[in-house]
Amino acid sequence: MATPTAPSVFLLAFLHVIIAQSTTSTDSRCVYSFNVPASDCSSQTPDSNVEVQVVKSLAVGLQAQVKQLARELKDLRAELATLKTGGATSNERKETTGGVVYVRWGRKTCHGNATLLYWGYAGGTYCNTKGGGTNYQCLHRDPQWGKHTDGLNSGAYMHGAEYQTSPGNSPFLKTNFAGSLDHVDVPCAVCHVPERQAKVMIPARKECPNEWTREYHGYLVTNAESYSRTTFECMDEAPEVLEGTGRDENGALFYIVEADCSHSLPCPNYVNGWALTCVVCTK
Ligand SMILES: [Ca+2]
């Protein structure tokens, strides 16, 4: 990998000059040591003094070349370290070790290059209570418990989640579940994209901006306005279900969200009564 550089060649040439000088000097101390008292060199001829000046000049040049070589050595070591780590620079390594994580609501798998951290059960606060958490959770299927007491004592509870979509008003594809989604329980997937660092959920869009990658798209969902407040999430356009569920038990609920032109929403371009789409993008 390392080939002789120009400074390296210069150094070799300089050493050759030093050796040649040593064979003609009458007092090698006066050639090599600049700390020798001038009186000790008094016997030197004028030609010898000229040689001393030449060597001093060369020494100054040598110092500069040594510094240059040190810089090149530092660069080579950095290049070697980069090659050992697969070609990424330190900044690139920092970027590729983070990545971005998103939840794919309604699915058990991830898109494209995304890695599935786990798939689980959508959950949240009961639909019509005024307290509790607002954000839906993607619950792991294998919970790990700490200290506990039996009984519902704390006042805050976690519930499973249902699709709450009347069959006549469901925009979802039946690719992954042919029946009615109404009251069926909802899976979710937590997905990691190591090579990208940003994510965004865009309501009312199915496509991502240029240079962004679409992870999935579908329809915007949240709880009903007449119930308690939750977050808006993006439900996959072709939902899967938790097998064996479908009883109307409520819990946390996912309703599709329709445009309502009666309160400040710009219509057009929004259309009264139409279900809002959504897309999750990464970059
Ligand atoms: Ca229900």
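The structure is a predicted model. Its chain holds four helices and 10 strands. Going along the sequence, the order turns out to be simple to read: α-α-α-α-β-β-β-β-β-β-β-β-β-β. Of the 283 residues in the chain, 22% are buried. When contacts with a separation of 6 or more are considered, 71% of them link residues 24 or more positions apart.

Next comes the core. The largest nonpolar core has 35 residues, and A122, V221 and F254 are the ones that touch the most other members. As for A122, once neighbours within four places in sequence are set aside, its contacts are W105, Y136, C138, A161, V186, P187, C188 and A252.

Then there is P239, which sits in the loop between β8 and β9. Is P239 buried or exposed? P239 counts as buried because 26 other C-beta atoms lie within 10 Å, and the cut-off for being buried is 20 or more. Leaving out residues up to four places away in sequence, P239 touches G106, Y163, F172, N176, F177 and L181. P239 and V186 are 53 residues apart along the chain, yet their C-alpha atoms are separated by 8.2 Å. V186 has already come up, as one of the contacts of A122.

Terms used. Residues are numbered from 1 along each chain as its sequence is written. This is a predicted model: local features need pLDDT of at least 70, side-chain atom pairs count only at pLDDT 80 or more; totals for chains, interfaces and linings use all residues. A nonpolar core is a set of buried Ala, Val, Leu, Ile, Met, Phe, Trp, Tyr and Cys residues joined through C-beta atoms within 7 Å. A residue is buried if 20 or more other C-beta atoms lie within 10 Å of its own, exposed if 12 or fewer, and partly exposed in between; C-beta atoms are placed from the backbone. Two residues are in contact if their C-beta atoms, placed from the backbone, lie within 7 Å. Helices (H or I, at least four residues) and strands (E, at least two) are DSSP runs, numbered from the N terminus.
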